Amino acid sequence: MTDSNNSDEIPTAGISTSRDAADAAEKVSSEIYDLIGIKGKASDTGPGVKECGDKDPEKYFQIFHKWSFYSASASQLTGVMERLKSELPEHGWKVVDYGPDTSKNQNLSLTADNDAKKHSVNIAHFAKRSSPKLSLMVVSGCYQVPDGQKVERF
């Protein structure tokens, strides 16, 4: 999500209430869940609200939605990251980082941005855990609350 020349700057996501923005992040997570394309179970965690860089925390916020996906069997997760790397771009995502992380287990990690949806996702495959899983973090761009409203934190 880059809409400026400064890649460290958080892109603008528009004007929204915290609740509506959280609903949008859950919808993005649900679409990614569908793209995983295997039987499994997602953790039941809701989105949260965080500050938006150094902008006024009374007016600006980001939504994050951290969740995990557990497949029915560990072998089902084999190849899912490679498939996501090829399928996410077909759904408006741009893969900006892909490869093993720096941990001892060298977990495979993927980061993708969707400029149209104003969200980014990081997906990590923890293949060497006793119960292998995908860990996902969906993060929105920077929202501004409508005039006269305050950021609702949850």
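The exercises below, each with a worked solution, concern a predicted model.

Residues are numbered from 1 along each chain as its sequence is written. In this predicted model, local features need pLDDT of at least 70, side-chain atom pairs count only at pLDDT 80 or more, totals for chains, interfaces and linings use all residues, and side-chain values use heavy atoms, with hydrogens and water left out.

**Exercise 1. Confidence**

Task: state the mean pLDDT of the protein chain and find where pLDDT stays under 50.

Solution. 
- pLDDT is the predictor's confidence in each residue, from 0 to 100.
- Its mean over the protein chain is 93, with 95% of the residues at 70 or more.
- The stretch where pLDDT stays under 50 is residues 1-6. For these residues the model has 15 contacts (heavy atoms within 4.5 Å) beyond four places in sequence.

**Exercise 2. Helix α1**

Task: compare the span of α1 with the expected one, then determine how its buried residues are arranged about the axis.

Solution. 
- Helices (H or I, at least four residues) and strands (E, at least two) are DSSP runs, numbered from the N terminus.
- α1 covers residues 18-36, 19 residues in total. The expected span is 1.5 Å times one less than the number of residues. From first C-alpha to last, α1 reaches 27 Å, close to the expected 27 Å.
- Buried means under 20% relative accessible area, exposed over 50%, and partly exposed in between (1.4 Å probe, protein chains only). The buried residues of α1 are S18, A21, A22, A25, V28, S29, I32, L35 and I36.
- Viewed down the axis of α1, these residues lie within an arc of 130° (taken from the directions from the helix axis to the C-beta atoms), so they line one face of the helix.
- An α-helix has 3.6 residues a turn, so residues three or four places apart point the same way.
- K27 and D34 are exposed, on the face of α1 turned away from its buried side.
- The elements packed against the buried residues of α1 are β3 (48-50), β4 (60-71), α2 (80-87), β7 (119-126), β8 (133-140) and β9 (142-144).
- After α1 comes G37, with a positive phi near 70°.

**Exercise 3. Strand β8**

Task: identify how β8 pairs with β4 and β7, and explain why β8 is largely enclosed.

Solution. 
- Two strands pair if DSSP finds at least two bridges between them.
- β4 and β8 run antiparallel and are joined by 6 bridges. K66 stands opposite M137 in β8.
- β7 and β8 are also antiparallel, over 8 bridges. I123 has L136 in β8 as its bridge partner, and a hairpin of 6 residues connects β7 to β8.
- Of the 8 residues of β8, 7 are buried, so the rest of the structure largely encloses this strand.
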